[in-house]
Amino acid sequence: MAKCFSFTTSRDRCYRWSFSSAGLRSTTVDIGGGTVIHYWGPKTHKPGKPTLLLLHGIGANAMWQWNDFVSPLTAKFNVYVPDLLFFGDSYTKRPERGESFQAECVMKAMEAAGVRRMSVVGLSYGGFVAYSMAAQFPEAVERVVIGCAGVCLEEKDMDDGLFKVKSVDEAIEILLAQTPAKLRELMRLSFYKPAKNVPSCFLSDFIDVMCTENLQERKELIYALHKDRKLSDLPKITQPTLIIWGEHDQVFPLELAHRLVRVGSDDRHLENNVQLVVLKKAGHAINMEKTKELYKNLKSFLTVPANPKLDSNGNGCKVD
């Protein structure tokens with residue numbers, strides 16, 4: 001018998017209503033080369049407000065990861081929330097899969113919207129794209145927030161045992177879960193206190209609606225993120241940067257946050273212009289587990305003139 005109700009589809013509709021109620025509208029733009037970017041943006045862009053770009057991680061579409069933030073943030077910013085390529089309604093016919101190409105495509109979409117200057121917040125995979133945008137388009141990106149995104153990881157870290165998984169293929173099986181068991185494993189890795197006893201029918205429904213489209217392309221995104229990655233190849237960025245991380249992140253361990261701060265001070269990848277905030281009793285999904293704390297830190301960093309109290313190495317650091 002055909003399934004007559006989908007909790008995931010119903011929730012997705014609620015998120016669409018929520019985004020619309022926050023003053024955002026759904027827009028699709030063809031940026032050429034067989035590439036289309038979908039984003040939520042202001043119904044009316046207000047020149048007097050600063051612009052904020054929110055980038056999601058691997059998982060569902062952008063609405064699921066940013067829903068709790070759009071309403072308060074739209075009071076202070078022109079907020080744009082794109083679906084990255086192969087999520088939501090964004091796609092490309094081109095073969096590129098690296099975060100630098102994602103960054104280029106998002107930038108073209110923002111240019112098509114008339115946006116020339118913005119701050120960028122990226123969670124997890126979105127943090128890789130945010131960092132790449134800051135490196136490629138320094139004249140356009142004013143400030144950067146990197147949330148639980150191991151941009152400074154190296155390919156050898158997997159063999160060195162830094163991660164809970166032993167191979168990229170194992171990581172893909174969890175990150176792109178296709179069974180309730182794997183989705184439960186992802187929840188255990190992503191949350192400090194994962195939900196218990198979630199019915200398998202709910203998990204299967206979420207997988208059917210959110211995790212089956214563009215599966216091969218999403219695998220290629222993860223392979224591209226890891227393959228031949230070296231810290232020495234990480235480009236330098238000069239913008240004020242906030243690094244915010246869950247204390248108990250098991251997807252990208254906290255060591256990668258400290259490594260990025262050390263790189264910022266030693267090799268000047270971040271021009272000594274970096275703050276690190278560690279959220280206690282939080283895992284990888286800080287947008288869901290620590291919504292209020294994340295919003296508070298975003299608001300403070302993005303609206304207050306950047307002049308953090310720095311330590312002897314030139315790095316701002318605090319624990320919430």
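Biologist: What makes helix 3 roughly perpendicular to helix 4?

Modeller: In this predicted model, the axes of helix 3 and helix 4 (residues 125-136) come within 8 Å and cross at roughly 70 degrees. Angles of 65 to 115 degrees count as roughly perpendicular, so helix 3 is roughly perpendicular to helix 4.

Biologist: Which residues make that contact?

Modeller: From helix 3 you get Glu99, Ser100, Gln102, Ala103, Glu104, Val106 and Met107, and from helix 4 Tyr125, Phe128, Val129, Ser132, Met133 and Gln136. Sorted by class, the contact has 7 nonpolar, 4 polar and 2 charged residues.

Biologist: Why is the pairing of lysine 156 with glutamate 154 called a salt bridge?

Modeller: Their closest N and O atoms are 3.7 Å apart, and the limit is 4 Å, so the pair qualifies. Glu154 and Lys156 are also linked with Asp160 in a network of salt bridges.

Biologist: And why is glutamate 154 called buried, while lysine 156 is called partly exposed?

Modeller: Buried means under 20% relative accessible area. Glutamate 154 is at 16%, so it counts as buried. Lysine 156 is at 46%, which falls between the 20% and 50% limits, so lysine 156 is partly exposed.

Biologist: What about glutamate 255 and arginine 262, buried or partly exposed?

Modeller: Glutamate 255 has a relative accessible area of 31%, so it counts as partly exposed. Arginine 262 has 39%, so that residue is partly exposed too. Their side chains meet in a salt bridge, at 2.7 Å from N to O.

Biologist: Let's switch to helix 6 and helix 7. What makes helix 6 roughly perpendicular to helix 7?

Modeller: The axes of helix 6 (residues 168-175) and helix 7 (residues 180-190) come within 7 Å and cross at roughly 100 degrees. The range for roughly perpendicular is 65 to 115 degrees, so helix 6 and helix 7 get that label. The contact is made by Glu173, Ile174 and Leu175 of helix 6 and Lys182, Glu185, Leu186 and Leu189 of helix 7. Those residues divide into 4 nonpolar, no polar and 3 charged.

Biologist: How do you know that leucine 186 is buried?

Modeller: Leucine 186, in helix 7, has 16% relative accessibility, and the cut-off is under 20%, so leucine 186 counts as buried. Not counting residues up to four places away in sequence, leucine 186 touches Ile174 and Leu175.

Biologist: Why is aspartate 169 called partly exposed?

Modeller: Aspartate 169 lies in helix 6. Its relative accessible area is 43%, between the limits of 20% and 50%, so aspartate 169 is partly exposed. Aspartate 169 and tyrosine 223 are 54 residues apart in sequence, and their C-alpha atoms are 8.6 Å apart in space.

Biologist: One more: how do you know that serine 119 is buried?

Modeller: Serine 119, in strand 6 (residues 118-123), has a relative accessible area of 7%, which is under 20%, so serine 119 is buried. Beyond four places away in sequence, serine 119 touches Thr51, Leu52, Leu53, Glu142, Arg143 and Leu302.

Note on methods: Residues are numbered from 1 along each chain as its sequence is written. This is a predicted model: local features need pLDDT of at least 70, side-chain atom pairs count only at pLDDT 80 or more; totals for chains, interfaces and linings use all residues. Side-chain values use heavy atoms; hydrogens and water are left out. Axes are lines fitted to C-alpha atoms, for helices over the stretch in contact, and angles run from 0 to 180 degrees between N-to-C directions. Helices (H or I, at least four residues) and strands (E, at least two) are DSSP runs, numbered from the N terminus. Angles under 35 degrees count as roughly parallel, over 145 as roughly antiparallel, 65 to 115 as roughly perpendicular and the rest as oblique. Contact means heavy atoms within 4.5 Å. Ala, Val, Leu, Ile, Met, Phe, Trp, Tyr, Cys and Pro count as nonpolar, Asp, Glu, Lys and Arg as charged, and the others, Gly among them, as polar. Buried means under 20% relative accessible area, exposed over 50%, partly exposed in between (1.4 Å probe, protein chains only).
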